[in-house]
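Good morning, and thank you for coming.

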Amino acid sequence: DAGSWFGSFVGERVPSLRETLDMLRGRAVPIIDVKDAGDRGAVAATVLAKALIDDDIEESCIVISSHQKNLRVVSDMCPETPVAPVATMRSQAEAAVRSPGYDGLLAWWHILSPELAEAERSRGGFVGAWTVPTDKLGLVIGAGANLVVTNMPMEALKQLRGGDV
């Protein structure tokens, strides 16, 4: 029940991964976070990779994780799928930029710097920032992010389209 938190949506079910990927096909680039660690995370990464292969969308998604093993499973099974570590500390982000096997970096917006972004871009990777408050959007883009995760996507689009960023 995905809606019990919101009263009027009680009984609303959570869509399956396949349903979600089908809904987003051609409309958005899903960024899928494999959160579990250890064997459970590896199993989740395997299930995800099989779904991407079965739906022929390996190149249409980005897979992120705080756990290197999960990213390795996905990149081994789906070499066309971009994978990136999630960094919450500057030291994690700096280590990720020096590590092979990643297609980008998703850093907590507080730790993103122009130097970190340039280091990732110089190796051909994308630079993402999460979860960016809309009043910090200009700061993050100015630091070099070319992928932004926000809880206010419509406000962020409005700012981007209006040239406010």
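Contact, throughout this talk, means heavy atoms within 4.5 Å. The model before you is a predicted one.

With that cut-off in mind, let us turn to helices H4 and H5. Which residues of H4 meet H5? On the H4 side they are Ala-93, Glu-94 and Val-97, and their partners in H5 are Leu-116, Ala-119 and Glu-120. Sorted by class, this contact holds 4 nonpolar and 2 charged residues, with no polar ones.

As to geometry, H4 covers residues 90–98 and H5 covers residues 114–122. Their axes come within 9 Å and cross at roughly 20°. Angles under 35 degrees count as roughly parallel, and H4 is therefore roughly parallel to H5. The crossing of this pair is left-handed.

Let me now move to a second pair, H1 and H2. Helix H1 spans residues 17–24, while helix H2 spans residues 38–54. The axes of H1 and H2 lie 11 Å apart, and the angle between the two helices is about 45°. H1 and H2 are therefore oblique to each other. Is the crossing of H1 and H2 left-handed or right-handed? H1 passes H2 in a right-handed crossing.

The residues that make this contact are, from H1, Leu-17, Arg-18 and Leu-21. From H2, they are Leu-48, Lys-50, Ala-51, Leu-52 and Asp-54. By class, the H1 and H2 contact comprises 5 nonpolar and 3 charged residues, and again no polar residue.

I turn next to the chain as a whole. How many helices and strands does the chain have? There are 7 helices and 6 strands. Read from the N terminus, the order of elements is α-β-α-β-α-β-α-β-α-β-α-β-α.

On overall dimensions, the C-alpha atoms fill a box of roughly 45 × 40 × 25 Å along the principal axes. The radius of gyration is 17 Å, which agrees with the value near 15 Å that a compact globule of 165 residues would have.

Two percentages complete the description. Of the 165 residues in the chain, 38% are buried. Turning to contacts between residues at least 6 apart in sequence, 38% of these join residues at least 24 apart.

Thank you for your attention.

Technical notes. Residues are numbered from 1 along each chain as its sequence is written. This is a predicted model: local features need pLDDT of at least 70, side-chain atom pairs count only at pLDDT 80 or more; totals for chains, interfaces and linings use all residues. Side-chain values use heavy atoms; hydrogens and water are left out. Axes are lines fitted to C-alpha atoms, for helices over the stretch in contact, and angles run from 0 to 180 degrees between N-to-C directions. Helices (H or I, at least four residues) and strands (E, at least two) are DSSP runs, numbered from the N terminus. Angles under 35 degrees count as roughly parallel, over 145 as roughly antiparallel, 65 to 115 as roughly perpendicular and the rest as oblique. A crossing is left-handed if the near helix is turned anticlockwise from the far one by less than a right angle, and right-handed if clockwise. Ala, Val, Leu, Ile, Met, Phe, Trp, Tyr, Cys and Pro count as nonpolar, Asp, Glu, Lys and Arg as charged, and the others, Gly among them, as polar. The radius of gyration is taken over C-alpha atoms; the globule rule is 2.2 Å times the number of residues to the power 0.38. Buried means under 20% relative accessible area, exposed over 50%, partly exposed in between (1.4 Å probe, protein chains only).
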